[in-house]
Amino acid sequence: MRVVEGAGRSAAGIGIALAALLLGCGSANADTVVPLPDGEQALTTATGIPVDLTRTGETAVLSPSLAANGMSRTAQLSGTTYATIPGATAGSLETGYLVGCQVDLSGGLSLGGDVYLSPDSVSPELNPSIKLGPGAVAVVKFGTKQLDPAAGAVGIAYRNRGIQLSGCGGFAQARAYSALTVTNDQGSAEVTLYGDPFSVG
């Protein structure tokens with residue numbers, strides 16, 4: 001009888017320990033929601049076009065590697081980029097993210113980065129995969145839209161667009177960018193709006 005009681009207590013102890021372990025694993029692998037501030041560029045270009053370019057509702061949901069190897073991360077990104085451009089006869093808006101491995105993106109980056117990836121041809125359910133070594137930067141385009149001159153405005157909204165970063169064994173960082181090109185009879189001008197940099201892990 002004592003043996004049975006002892007076995008019951010031992011099994012109960014093992015069950016509690018296992019439950020604690022599973023809960024601990026769940027906490028360690030929990031997603032992290034990163035709310036990001038709105039941004040705005042309001043100016044008149046040298047060609048005389050008033051521009052108000054904004055990004056609102058930006059969030060990043062970060063997920064660690066399921067293999068817990070520290071070299072793979074996934075981010076689900078959402079936001080809305082919108083520009084009012086009265087008086088422009090043509091123009092286009094491009095938006096996406098700069099993603100870097102062990103580099104500082106706080107000062108922005110030329111959009112001709114080390115790696116260029118456009119997930120436009122990929123199904124929305126799939127995460128485009130970016131392989132980055134130390135010092136490398138990827139420019140991930142989420143979309144491009146042409147201005148309707150009659151409307152005098154253009155916008156792009158994205159919801160839960162995923163990117164997967166692999167091969168980066170150190171600090172990884174990302175930031176949003178939106179590049180607006182506008183044209184009138186005086187010529188063309190470009191306005192770029194960057195979001196705040198955030199850690200991808």
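Two strands pair if DSSP finds at least two bridges between them. Strands S4 and S9 of this chain meet that condition, pairing in the antiparallel sense over 12 bridges.

## Basis of the model

The structure is a predicted model, in which local features need pLDDT of at least 70 and side-chain atom pairs count only at pLDDT 80 or more, while totals for chains, interfaces and linings use all residues. Residues are numbered from 1 along each chain as its sequence is written, and side-chain values use heavy atoms, with hydrogens and water left out.

## Overall architecture

The chain has one helix and 12 strands. Helices (H or I, at least four residues) and strands (E, at least two) are DSSP runs, numbered from the N terminus.

Of the 201 residues, 41% count as buried. Here buried means under 20% relative accessible area, exposed means over 50%, and partly exposed lies in between (1.4 Å probe, protein chains only). The accessible surface of the chain comes to about 10,200 Å², and carbon and sulfur atoms hold 58% of it. Such areas come from the Shrake-Rupley method with a 1.4 Å probe; for residues, only the protein chains shown count as cover.

Contact means heavy atoms within 4.5 Å. Among the contacts in the chain with a separation of 6 or more, 73% join residues 24 or more positions apart.

## Strand pairing

Strand S2 (residues 39-44) pairs with strand S3 (residues 50-64) in the antiparallel sense over six bridges. Within this pairing, Glu40 has Thr54 of S3 as its bridge partner. The hairpin of S2 and S3 has five residues between the strands, and Gly48 there takes a positive phi near 85°.

Strand S3 also pairs with S4, in the antiparallel sense and over 11 bridges. In S4, Tyr82 stands opposite Thr54.

## Nonpolar cores

A nonpolar core is a set of buried Ala, Val, Leu, Ile, Met, Phe, Trp, Tyr and Cys residues joined through side-chain atoms within 4.5 Å. The largest nonpolar core has 24 residues, and those with the most contacts inside it are Leu77, Tyr97, Val99, Leu132, Ile163 and Phe198. At least two residues of this core come from each of S3, S4 (72-84), S5, S8 (137-146), S9 and S10 (172-184). Another core, of 15 residues, lies apart from it and includes Ala83, Ala88, Leu147 and Ile156. In soluble globular proteins, nonpolar side chains tend to be buried together.

Ala60, found in strand S3, is buried because its relative accessible area is 0%. Leaving aside its neighbours within four places in sequence, Ala60 is in contact with Thr32, Val33, Val34, Leu36, Gln76, Leu77 and Phe198. Ala60 and Val200 are 140 residues apart in sequence, yet their C-alpha atoms are 9.1 Å apart in space.

## Aromatic residues

A search of the whole structure finds four aromatic pairs. Rings of Phe, Tyr and Trp (its six-membered ring) pair if their centres lie within 6.5 Å; planes under 30 degrees apart count as stacked, over 60 as edge-to-face and the rest as tilted. The pair of Tyr97 and Tyr158 is edge-to-face because the ring planes stand at 90°, with the centres 6.0 Å apart. This pair links distant parts of the chain, as Tyr97 in strand S5 and Tyr158 in strand S9 are 61 residues apart. Tyr97 counts as buried at 1% relative accessibility, and Tyr158 is buried at 3%.

Phe142 and Tyr158 form an edge-to-face pair, 5.2 Å centre to centre and with 75° between the planes. Phe142 lies in strand S8 and Tyr158 in strand S9, so this pair ties together parts that are 16 residues apart in sequence. Tyr97, Phe142, Tyr158 and Phe198 form one aromatic cluster. Arg161 lies over the face of Phe142, at 4.8 Å from the ring centre; a charge sits over a ring if NZ of Lys or CZ of Arg is within 6 Å of the ring centre and within 35 degrees of the ring normal.

## Residues with positive phi

Gln102 has a positive phi near 55° and is a residue other than glycine. Gln102 is placed in the loop between strand S5 (90-101) and strand S6 (115-117), and is partly exposed, with a relative accessible area of 44%. Asn160, also a residue other than glycine, has a positive phi near 55°, but Asn160 lies in strand S9 (residues 153-166).
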